[in-house]
There are 2 protein chains.
Amino acid sequence: MDYFEIYHPGLSIDCVIFGFHEKELKVLLLKMQNMDKWAVPGGFVKKDEDVDTAAVRVLKERASVTDVYLKQYHLFGDITRNNSAYVDKLVDKKVITDKSSLWFHQRFVTLGYYALVEFSKVTPAPDHISDSCEWVSLSELPELILDHQQIITKALHALRKQLKFQPIGKNLLPEKFTMTELRVLYETILGEELDRRNFQRKMLGYGILTKLKETRKGGAHKAPFLYCFNEEIYNRSLENGFNTVW
Amino acid sequence: MDYFEIYHPGLSIDCVIFGFHEKELKVLLLKMQNMDKWAVPGGFVKKDEDVDTAAVRVLKERASVTDVYLKQYHLFGDITRNNSAYVDKLVDKKVITDKSSLWFHQRFVTLGYYALVEFSKVTPAPDHISDSCEWVSLSELPELILDHQQIITKALHALRKQLKFQPIGKNLLPEKFTMTELRVLYETILGEELDRRNFQRKMLGYGILTKLKETRKGGAHKAPFLYCFNEEIYNRSLENGFNTVW
DNA sequence: TTTCATTGTGTCGTTATGACATATTACAGA
DNA sequence: TCTGTAATATGTCATAACGACACAATGAAA
């Protein structure tokens, strides 16, 4: 494969995939073959491809993830994000061929996207250049290549900022969910506890939720009602934002 | 000049420079030599240069603007932003040489920055490849090259979003200003009127302003007090944001 | 049947907000 | 010098939003 023919030079894409499970925010990470460091799924932009399209493709190719909320949040373009040493190691471990190392030795800027996906809909599977693919808690991040730690941190901050004035949850929760599950999602992203009763009042005030007749049985306690998002109002709020803040 | 030697391939930078004058939000535009369309000041990223540094350099080289608030807001990477036709015209008009046209014919993605500057501190002056440089009202934008219209529109939206939960004004207003001047700035950016009295109450509530003893005389009316920003609290609010919204 | 954990709903005092009234004052013109 | 004008400084008031918290309801387990 001749990278130089196919791909836009010096530009890569990295996708921070967020999932929510067991009261924790997780990211989907890959481990390169024979390497001991992890990475966010990434890839390159084809010469005749929109960058947004490339991001969707990368998600699909490298993490088998489709149908997600995907958002461009930052271009990482510091000169210090040099991967020469790393590339040599990749060549050494035969993850990439010596011939293609010329491509990888270029200086790259990388465009960061974050994706919100429903945890249960993703079956982590390594692609042909990774030997593992796993959900990892944000609190237990392993050692990451290059500046991927920073890329994840900045994605989280961007997500928090978005949460402040836009609805969130549609791609992180199953179709039906309880108010508590939604609140715990907010608490997890924000990293702080929210009052159960006030949260409900405020959230219902936005009108983005539809209360269902069903309840979720199973716990040794009163069965909570299920909710789903009102697509129309949800999407309108995504566009216009709330005029309030968490 | 051999662009291929010096610059990072396929990556450009465009800076939307906002200034505020006579109750209007303006942007600084350049007109290329012998061309009838205008452009936002832009440039390329050197191979050994951080993209943020490149943005600062571009501002300085092309618009003689220094000491500004500068923020990266979006990478424009659609394949439709093709400039082949435009480049041919540039060659035709001898704005660029035929030799360097190879560089310009590449597909480019462009990184958008917006800059906030104090109107009076800038003396628009065309650089060596432009034949004019002017402040232009957002409401009276001339015909622009490529997708520069979209680049400006998106910058304005990003600025509005920022305004919603961060202080703004330090780089758009002179050191000392009246409450009315600050409010009119907000009104201009938001595109809506705000209640004079409620604005003052809310703004003072943030604590980012220091009321001065001086007043601005000159009008046939009560002289308004002058204010300046409390640097420390202003900067802290820039970091953390307000927990409220305009 | 009792207990427990968690949910549904409501209250209350405080603060923030939007709408608006009134007093103040620099300058212009009589 | 006095008065009118235009804009500012400051305050009031009713309402809405918010944070803190109380208590009843209910599914399942003991």
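Predicted model: local features only at pLDDT ≥ 70, side-chain atom pairs only at ≥ 80, totals over all residues.
Residues are numbered from 1 along each chain as written, chains are lettered from A and ligands numbered from 1 in written order, and side-chain values use heavy atoms, without hydrogens and water.

In chain A, helix α5 (residues 148-165) packs against helix α6 (residues 179-190) at an angle of about 130°, with the axes 9 Å apart. Helices here are DSSP runs of H or I with at least four residues, and strands are runs of E with at least two, numbered from the N terminus; axes are lines fitted to C-alpha atoms, for helices over the stretch in contact, and angles run from 0 to 180 degrees between N-to-C directions. On the α5(A) side the contact, meaning heavy atoms within 4.5 Å, includes A:L156 and A:R160, and on the α6(A) side it includes A:Y186 and A:I189.

Turning to the two chains, chain B can be laid on chain A with an RMSD of 0.1 Å by a turn of 180° and a shift of 0.0 Å along the axis, where the superposition is by least squares on C-alpha atoms of residues with pLDDT of at least 70 in both. That is the relation of a two-fold axis. Because 100% of the interface residues of chain B are also interface residues in chain A, the copies meet through the same surface.

Finally, chain B has an open, antiparallel sheet of 3 strands in the order β8-β10-β9, where pairing requires at least two DSSP bridges. Its edge strands are β8 (177-178) and β9 (209-215), and 4 bridges join β9(B) to β10 (residues 225-229).
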